[in-house]
Amino acid sequence: MQKFTQLSGIAAPLPLVNIDTDMIIPKQFLKTIKRSGLGVNLFDEMRYDDDCQEIPHFVLN
Amino acid sequence: MVTWGTSPEDVLPITAAVPAADDFEGGKVGAAQRSLDYMDLTPGMPLSDIKIDTVFIGSCTNGRIEDLRAAAAILKGKKIAVDRAMVVPGSGLVRAQAEEEGLADIFKEAGFEWRLAGCSMCLAMNPDQLAPGERCAATSNRNFEGRQGRGGRTHLMSPAMAAAAAITGKLTDVRELM
């Protein structure tokens, strides 16, 4: 097993303290036992407006 | 003790006032401002002036028989002054015992919905949800943004404090009703 020292990738800054589990993925999207398909709802409430349109200035959009 | 913000750590005595973002340091300043905006609260406002629309007592947290006894002791002979109030026993056994002890009748006579054991309004995965802007006194264990429904505002407190809020329609020091 290789020692974990470094992870390289694209960083998306989200300068907030207390990023809670309901922010990361709201619980209404957790009615699945699969481990895929959840990405579209990541940070859902910060990412989409009331009409389910992407909010342009959110870092993941 | 009641929460004013959107994390369980944002908690103050009921006799305190809503804090200002400047009362905090570092990254907490922005977090506090975000909480104040989400909760629609003004710094300096006494916590006991905050009006409540809905009261939610119980779920797995604070749904023990002792919790229901504490809330019922405050509610006995009183009527609710909020739009809706519900009590959700922590289990079927607790529910049966509460009915045997007469607690269920006290809740129902006060205007509470006497519900089956379950998650209910703790986490908005079912139809028991807050509308945007609706303010709730809850005995569950999370007050995150959107926890009880998108845009819903949650104040966490003990069952006795939630019962007091149900009677007066605002956050209330339960000691004034004892």
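This is a predicted model: local features need pLDDT of at least 70, side-chain atom pairs count only at pLDDT 80 or more; totals for chains, interfaces and linings use all residues.
Turning to the fold, chain B contains five helices and seven strands. Read from the N terminus, these elements follow the order β-β-α-β-α-β-α-α-β-β-β-α. The radius of gyration of chain B is 16 Å, close to the 16 Å that the globule rule gives for 178 residues, so the chain is as compact as a globular protein of that length. The C-alpha trace spans about 50 × 35 × 25 Å along its principal axes. As for how the chain meets itself, 68% of the contacts between residues at least 6 apart in sequence join residues at least 24 apart.

Charge comes next. Chain B carries 19 positive and 23 negative side chains, and a separation of 3 Å is found between the centres of the two sets.

Finally, there is the partner chain to consider. In chain B, 15 residues are in contact with 16 residues of chain A. Between them, the two chains bury about 1300 Å², with 51% of this area on carbon and sulfur atoms. On the chain B side, B:R34, B:M125 and B:R150 stand out: these residues supply 46% of the area that chain B buries against chain A, more than any other three residues.

How values were computed
Residues are numbered from 1 along each chain as its sequence is written. Chains are lettered from A and ligands numbered from 1 in the order in which they are written. Side-chain values use heavy atoms; hydrogens and water are left out. Helices (H or I, at least four residues) and strands (E, at least two) are DSSP runs, numbered from the N terminus. The radius of gyration is taken over C-alpha atoms; the globule rule is 2.2 Å times the number of residues to the power 0.38. Contact means heavy atoms within 4.5 Å. Lys and Arg count as positive and Asp and Glu as negative; His and the chain ends are not counted. The place of a charge is taken as NZ of Lys, CZ of Arg, CG of Asp or CD of Glu. Buried area is the accessible area (1.4 Å probe) that two parts lose on being put together, summed over both.
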